Amino acid sequence: MNQPTKSTLDEIDAAWTSVLSTLHFAHLPGQEEQVLQPQLDVTLLTGFLGSGKTTVLRHLLEHPGALRIAVIVNDVGAVEVDAHLIRNMTSQQISLSNGCVCCALSNDLSEQLEQLSADSYDVVLIEASGVADPVNISQVIHGLPQCRLDGIVAVADPTSLDAYLENPQIASLLSRQLQTAHLVLLSKADLTDEFQQQRATDLVSAIAPGSRIISICQGQIDLGVVVGAAINGVSMPSNEEIDAFPFASTIVSPAGPWHRTDVGSLLDKGDLQLLRGKGWFADTDNNLYQLQIVGRRWSIDRWRNDAPRAVVLIGAHERDVAAAETLFRSLDQL
Amino acid sequence: MLGHTLNDDAKKIGGRSRYVVDDQGEVMEHITVYPASQIHTMDPGRPKASAVAVSEGRIVSVGSIESMQPWLRRYPHSIDDRYKDKVMMPGFIDPHTHLRLSGTYMGLEYLGPVDSAAPGGVRKGLPSRDAVLNQLRALVAEHSDPNVPITAWGYDPASQDGHLDRDMLDQISDSVPIWVIAYAPHIVYANTPMIQLIGVNDDSVGHGIGRYPDGRLNGWFVETEATARAARPVAQQVYGPNAGRTAIDRMGAVAKAAGVTTTADLVWGMADGFEPEWNDHASAIADGTLPLRMFMIPFEPKLVREFGSDMLQFLETKRAEGNERLNTHGVKYVNDGSYPSMTLVMNEPGYLDEDGAHTGEVPWEDMVDRMLPFWKAGIQIHSHANGDRTLDMTLDTLESLQRIHPRFDHRFTVEHYCISSPAQARRLAALGGQASVNIYFVHFRAQLHSEHGFGPDRSEATARLGSLERARVPFALHSDFNLVVTPLSPLLAAWCAVNRIGADNETIMAPGERISVDSALRAITIDAAYILNRDDRLGSLEVGKYADFTILDDDPYEVNVTEIKDIEVHDTVLDGEPTN
C-alpha cells in the first residue's frame, strides 16, 4: 500500500489549506478586469525562520525615501528600529518620525489592511510567519479591492540553506516559499564567501527555476527593488547608503504605441533578467496602461490618470538591463 | 406511540387510547420488528439482542422475537428482516462537526499521488497521469449537470508524469468544464469550457495565463494572481446563494454513509447567521435530504453581537420552534487555535519553533463573565480547548463558575482536548466536566508534530483518552470535520482510540492512552449522547428511545481490533425508517 510519509501528510495539509484559502478569497469581490485606481501596494516578505526578514524590514523602515511605509510583523518587539527614529511605541505598534509605522499582525488581516489604506500609507510590507506558506496571505490580498499585491519577496539564508533542504520537514515548506516568491534575497552576504553564495544561488535556481536572486548584506536593499511604488513616476531609484551591491537601470520611452498583447508576449517569454520594472505605455487607441515587473512576475493594467509614457528597467547587471532595453525597443517596430 | 411513555405530556398520560384510527379508518399504530444477526444495545444491563421492535419512531422492545411477544400479541405488527444477516448498533453520534461549513469545500475531488484523508474515509493516491485522466473520465461519465464544473485538487506534475493541459482535458470532455488545482496549489489546469467560464481568451493579457508556442491558451493558470482569477467561477459556485443547502445535503450524505444518525453543528450562526443556517437545515430535513438529527450549538460571540441581552430569549424562542430532528442546544466558545495549524496555546516549554498561537475572540480574562449567564440559565457550555494552557484557563473558568453558582450535572464540555496532562483530566473530573475529543489526530497528525511544533512528548500523548477514563471523565469522539484533512467516520475514530497507531502504521502512540473496544464504541454512541445531554433519548437501544440504528456488515466487538475501521456501514435507520 502507498503509505503517506510524515512529510507528505504535512504537504497534503498545507496544499489543502492553500486550496481552501484560494477558493475562499476568490469569492470575495476582488479586482476584476483591472482599471487601476491609486491604491495600497502590498508586498509580502516570506522566508524561513532566521533568514533575515526582520533585518530587511528594519532597513526599509529606516530608509523609506519619500514613502510612508507600514510594516506588519508577527512580533513588533523583534524589530529593533533605530531609537532616534521612534516617536511612539507600544507592544502592538511603533510609530516612526519619518511617517512610517510598524504594527503587529492582527487576527483579521483584511480589516487591518483596510485601516492602513484609510490612513493613506503608500506601501504595506507584510512579514509572513517563518513557518507559513505565503500563498494563503497572498490570496487574502488578491481578495481585497483596495489592495494590489505588488510582489512576493523571499529572504533566504545562504549559510543554512543546504542543511534546511536536507531536512524533509523543512524542505517542503522552504521550497514552497521560494517557489512562490518573485524575488529572492540571499541574506548575510558579509558572512558568506563567493562559493557559498554560488551554491545558494544554484540551490534556489534548482528549486525555483527562473528566480531573480539578489545577494544582500545586513538587510540593505534598495527600496525600489523590494517595493514597486518606490519607483516614483519614471525617475530611477537611488539609495546612496547602499554601495555594496549597486543595481543597473535605464529608462525606455516608447517611440509610438505599443500593443498590450505584444508587451504581454514579450514578458511571457521569460527572457528578461530584470529585478524590477515600472512604467506606462499607450496603445493605438491611446488607452494608457501601467506595466509593473517584479522578478518573473508582471502585470499590465488599464490606467485612468495621466502618466508619462516611459518604462524604468532595473537589473542586477548592466548586461541584463541592456538586453531588456533591446527587447522593449523591438516593440517600437511591431 | 404505544401505551405510556415517560416523556409524553403529563396530561396525556393515562387518558390516551391505545388504538388511534385515522381518516380512512385504518389502525395507525403498528409495530415493525427488525431482527439482526447481532444487536449491541450499548445498554450494559442488557448488552445483546437479536431483534428490536419499533413503533412511531420509538423503540417498543429490545430482545428477541420471543421475548417481545407480550407487545406483538396485542398490536398489529410485521417483521422486516432486511437486516437479518447484519450487525445492529445504536445510531452513531458525532457530537462535533461543521457540515454546512465544510460541505462547501467537498465538491473538490482528490487526484493526488498519495493516500489522503477525506470526509468519507481515506482516498487512494493515483500513481500516474493516465490514472488521473481515467479518474477524470469516470467523473465526467457520472456528472449530471454540464453547466457545473468538475472541480478537483491534488494533482502533482512532479510525481504523476508531467503537467495536464487544455488539449488533454478537452479529450476528457469538451462540454463539461474541468478545473484541477495542483497539489502545490500554484497552478490551475482548465479545459476549453472552463477557460470560457474563467473569462479569458487568446487576446487576454496577464501574468500566469499559460500559452502553447503558437500563442493559443494552454489551460494553465500559474501563480497566485492567475490561480485566484481561475478560482473565481469555482468559488462563486462554492459560495453561491444555495451553497449552504448544497453543503448540508452533500455532507449529510457523507455522515450517513459513515453510519452517523446524530450530529451537532458547533458554530451555529458564525458563517451566515443564525436564521439562514437554521433554515438550510430545516429545509434539508423537510425535503428528506438530511438523514440526521441536528443539534445547533450557537457560537457565543455571534450570539452576543447579534442579540445582546436578548440572547437567552432568542435561544428559548428557537427551542420552542425546534423539534426532535432539529433543535438548539448549549453554547459554544472557541478559545484557541487548531492542532494541525499549530495555533493552539501551550504551557511550558511551548513550541519547538515559532508558532502562531492565538486565543480566540473572547478575551480570556472575560471568560467567567461571558459564560456566567449561560451557566446560571442551565445552558450547557461547550468550550474549545486544544492546547494545555487553554485547558488550564478553561478549568480555572469552570472552577470560578462553580464558586459563584455551584451546579451538579452541568455537563460542561471541553471540546477537542488535544494536548492535556493526567492531572488536568483529574481536575476536570473533580469539577464535574466532560470531554469531546478529536482522536483522529493521533493517527493522521501526531507523529508529524513530534518534529514540527509540539515536540515528542505532547505529540505522542495527543488526545489522552486513557487518562480521561482513569479519571472517570465522560468522553465522546468527534471529527470536527471542517478545514483540517481528517475524515468523518466514527468507526475510524474508534479504531484510532483503540489502537493509537501513528501515521507510519507501526508506532503505538502512548500505549497507556489506548482504550478498550467497548469504551471506544460507547464514545461514539451512548457516551456521545451523554455529552450532548440527550442520553435519555439517544445513544443506546432501550425501550422508549428514538429508533436510530447503524447497520454494519461486521461486528466491531468480534473483528480484529486493527480492522474496526474497515467495517462497512450497510445502512442507517432514523426514527424507525431505513435511510437507504
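Biologist: Which residue stands opposite Val73(A) in E6(A)?

Modeller: That's Ala104(A). A quick word on labels before we go on: residues are numbered from 1 along each chain as its sequence is written, while chains are lettered from A and ligands numbered from 1 in the order in which they are written. This is also a predicted model, so to speak: local features need pLDDT of at least 70, side-chain atom pairs count only at pLDDT 80 or more, and totals for chains, interfaces and linings use all residues.

Biologist: What do E and H stand for in these names?

Modeller: Strands (E, at least two residues) and helices (H or I, at least four) are DSSP runs, numbered from the N terminus. Chain B, for example, has 20 helices and 25 strands.

Biologist: How do I read strand pairing?

Modeller: Strands of a sheet pair through backbone hydrogen bonds, either parallel or antiparallel. Here, two strands pair if DSSP finds at least two bridges between them. Strand E3 (residues 69-73) and strand E6 (residues 101-104) of chain A pair in the parallel sense, over four bridges.

Biologist: Which strands form the open sheet of five in chain B?

Modeller: Its order is E18-E19-E20-E21-E22, with parallel pairing. Strand E18 (331-334) and strand E22 (475-478) of chain B are the edge strands. Strand E21 (residues 434-438) of chain B pairs with E22(B) in the parallel sense over four bridges, and Ala435(B) stands opposite Phe475(B) in E22(B). Helix H12 (residues 388-404) of chain B lies across strand E19 (381-385) and strand E20 (413-416), at about 155° to E19(B).

Biologist: Is Glu66(B) buried or exposed?

Modeller: Count neighbours: a residue is buried if 20 or more other C-beta atoms lie within 10 Å of its own, exposed if 12 or fewer, and partly exposed in between. Glu66(B) has 9 C-beta neighbours inside 10 Å, so it counts as exposed. Glu66(B) is in the loop between strand E3 (58-63) and helix H1 (69-72) of chain B. Over chain B, buried residues make up 54% of the 580.

Biologist: Why is helix H4 of chain A called largely enclosed?

Modeller: Nine of the nine residues of H4(A) (residues 134-142) are buried, so the rest of the structure largely encloses this helix. Among them are Pro134(A), Ile137(A) and His142(A).

Biologist: Which residues have the most contacts inside the largest nonpolar core?

Modeller: A nonpolar core is a set of buried Ala, Val, Leu, Ile, Met, Phe, Trp, Tyr and Cys residues joined through C-beta atoms within 7 Å. The largest has 133 residues, and Val124(A) and Leu185(A) have the most contacts inside it. A second, separate core of 124 residues includes Phe475(B).

Biologist: How many residues of each chain are in contact?

Modeller: 42 residues of chain A are in contact with 44 residues of chain B. H1(A) gives the most to chain A's side, with 15 residues.

Biologist: What confidence does the predictor report for chain B?

Modeller: pLDDT is the predictor's confidence in each residue, from 0 to 100. Chain B has a mean pLDDT of 90, and 92% of its residues reach 70 or more. Over residues 3-20 of chain B the pLDDT is below 50. Where pLDDT is low, the predicted coordinates should not be read in detail. For the complex, the predictor gives an ipTM of 0.70 and a pTM of 0.69.

Terms used: Contact = placed C-beta atoms within 7 Å. Axes fitted to C-alpha atoms, helices over the stretch in contact; angles between N-to-C directions.
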